[in-house]
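Notebook open, structure on screen.

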Amino acid sequence: MNSEHPVLATEGLTIRFGGHVAVNNVTAEFRPGTLTAIVGPNGAGKTTLLNVINGFYTPQQGRITFKGKTRAKMRPYDAASGGIARTF
């Protein structure tokens, strides 16, 4: 097990769209030198979770810590300049 501090961590991330809870209380750690997969069926919230992490959406609850700093509201270009990006 890799004992280094996580480069990215989420704690209790939750986002809702109207009455639909798309991501519910997600806590995860992403450590250097490891490979992490997010799996689930269609509609499970995988893409929404990635969009919260990269700043496209702002969660209603929870926090994201990146390189030791807690990120509050983060715009996608701020995330990208800090090293968080996604590709299609």
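Salt bridges first. I counted 2 of them, taking a salt bridge as a side-chain nitrogen of Lys or Arg within 4 Å of a carboxyl oxygen of Asp or Glu. Before going on, I noted that this is a predicted model, where local features need pLDDT of at least 70 and side-chain atom pairs count only at pLDDT 80 or more, while totals for chains, interfaces and linings use all residues. Residues are numbered from 1 along each chain as its sequence is written, and side-chain values use heavy atoms, with hydrogens and water left out.

Strands here are DSSP runs of E, at least two residues, and helices are runs of H or I, at least four residues, numbered from the N terminus.

Arginine 63 is partly exposed at 40%, and glutamate 11 is partly exposed at 37%. The cut-offs are under 20% relative accessible area for buried, over 50% for exposed and partly exposed in between, with a 1.4 Å probe and protein chains only.

The other pair I looked up is arginine 31 with glutamate 29, where the closest N and O atoms are 2.7 Å apart. Glutamate 29 is partly exposed, at 45%.

Next, threonine 10, which lies in strand β1 (residues 8–17). Is threonine 10 buried or exposed? It is buried, at a relative accessible area of 1%. A polar atom of its side chain lies 3.3 Å from the backbone oxygen of valine 26. Leaving aside neighbours within four places in sequence, threonine 10 is in contact (heavy atoms within 4.5 Å) with Val26, Thr27, Ala28, Ile53, Arg63 and Ile64.

Threonine 14 is in strand β1 as well, and I found it buried, at 3%. What does its side chain reach at 2.9 Å? The backbone nitrogen of asparagine 25. Not counting residues up to four places away in sequence, threonine 14 touches residues including Val21, Asn25, Pro59 and Gln61.

Last, helix α1 (residues 46–53). I listed its buried residues as Thr48, Leu49, Asn51, Val52 and Ile53. What covers them includes β1, β2 (20–30) and β3. After α1 comes glycine 55, with a positive phi near 90°.

Notes:
A polar contact is a pair of N or O atoms within 3.5 Å; within protein, one must be able to donate a hydrogen and the other to accept it, and residues adjacent in sequence count only if both atoms are side-chain atoms.
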